[in-house]
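The entries follow in the order I made them.

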Amino acid sequence: MSTPRSPMAPGSTVPRRSLTPVSGDPVAVPDPTRAVHLQFRRFAGCPVCNLHLRSVVRRHPEITAAGIREVVVFHSPAAELRPHTADLPFAVVADPDKRLYREFGVERSPRALLDPRAWLPILRAVVSGVGQVVRGREHLPSRSPHGGRLGLPADFLIAPDGRVLAARYGEHAYDQWSVDELLDLAGRLAPAPPPAPSPATGKP
């Protein structure tokens, strides 16, 4: 059964707030100096989430160089999420009450798993995830994850002034922006990050 959706469409404004990640310092959303890629995932240890996030980790230097800050939200409690996120180089936020999910209109639905387009990515994720668990690089998810297994992903690119530049509501469990799509959107829509200070003068 789907939750009611009030889409956060391009042109909407995201109110400023500080989010507390499961580790590290609070993060401002919107970020005053760069675009934020706010992505909603599913539950802690979700295999298809991990498959996607590994691609984000591999290309994280490109993402930050493009002036984008990654902030990832899961609907698991922080204690359940923390063991799965220790090595991620970006902020991961626990939202077990799904307050952010409701605010951004992010759904849950049986089609998360039943859509045939999700089956091959799910198979790849499970096979890859088993290997990662055997190597000690990932942990198995809970048998009964908090918030269930039927969440749908969503992506938002948010400008420093709070405007939603682009949004994507996933139609199945592995329906999200790829890193290439994110970088293309940022290159076309996001304001350029400020130049780095000169080492000699401290000025741009």
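**Cysteines.** A disulfide is a covalent bond between the sulfur atoms of two cysteines. I then checked the accessibility of two cysteines. Cys46 has 0% relative accessibility, so I list Cys46 as buried. Cys49 also goes down as buried, with a relative accessible area of 0%.

**Confidence.** I read the pLDDT next. The chain averages 84, and 77% of the residues score at least 70. Where is confidence lowest in the chain? I find the lowest confidence in helix H6, residues 116-134, with a mean of 65. The highest value belongs to strand S3, residues 35-40, at 98. Where pLDDT is low, the predicted coordinates should not be read in detail.

**Layout.** I counted seven helices and seven strands in the chain. Written from the N terminus on, the order of elements is β-β-β-α-α-β-α-β-α-α-α-β-β-α. Of the 204 residues in the chain, 47% are buried. I also took the contacts with a separation of 6 or more: 69% of them join residues 24 or more positions apart. The chain exposes about 10100 Å², and carbon and sulfur atoms supply 58% of that area.

**Aromatic pairs.** How many aromatic pairs does a search of the whole structure find? I got five. A pair of aromatic rings is described by the distance of the centres and the angle of the planes.

I started with Phe40 and Phe104. Their ring centres are 5.4 Å apart and the planes stand at 45 degrees, so I log the pair as tilted. Phe40 sits in strand S3, while Phe104 sits in the loop between helix H4 (99-103) and helix H5 (111-114). The two residues are 64 apart, and the pair links distant parts of the chain. Is Phe40 buried or exposed? Phe40 is buried, at a relative accessible area of 0%. Phe104 is buried as well, with 0% relative accessibility.

I then looked at Phe40 with Phe156. This aromatic pair is edge-to-face, with 5.9 Å from centre to centre and 85 degrees between the planes. Phe40 belongs to strand S3 and Phe156 to strand S6 (residues 154-158), so the pair ties together parts that lie 116 residues apart in sequence. I note Phe156 as buried, at 0% relative accessibility.

**Backbone.** I went through two backbone entries. Which peptide bond is cis? I noted the bond from Val29 to Pro30, with omega near 0 degrees. Pro30 is placed in the loop between strand S2 (27-29) and S3.

The other entry is Lys98, whose phi is near 60 degrees. That is a positive value in a residue other than glycine. I located Lys98 in the loop between strand S5 (91-94) and H4. Why does Lys98 count as buried? The relative accessibility of Lys98 is 19%, and buried means under 20%.

Definitions and conventions:
Residues are numbered from 1 along each chain as its sequence is written. This is a predicted model: local features need pLDDT of at least 70, side-chain atom pairs count only at pLDDT 80 or more; totals for chains, interfaces and linings use all residues. Side-chain values use heavy atoms; hydrogens and water are left out. pLDDT is the predictor's confidence in each residue, from 0 to 100. Helices (H or I, at least four residues) and strands (E, at least two) are DSSP runs, numbered from the N terminus. Rings of Phe, Tyr and Trp (its six-membered ring) pair if their centres lie within 6.5 Å; planes under 30 degrees apart count as stacked, over 60 as edge-to-face and the rest as tilted. Buried means under 20% relative accessible area, exposed over 50%, partly exposed in between (1.4 Å probe, protein chains only). Contact means heavy atoms within 4.5 Å. Accessible areas come from the Shrake-Rupley method with a 1.4 Å probe; for residues, only the protein chains shown count as cover.
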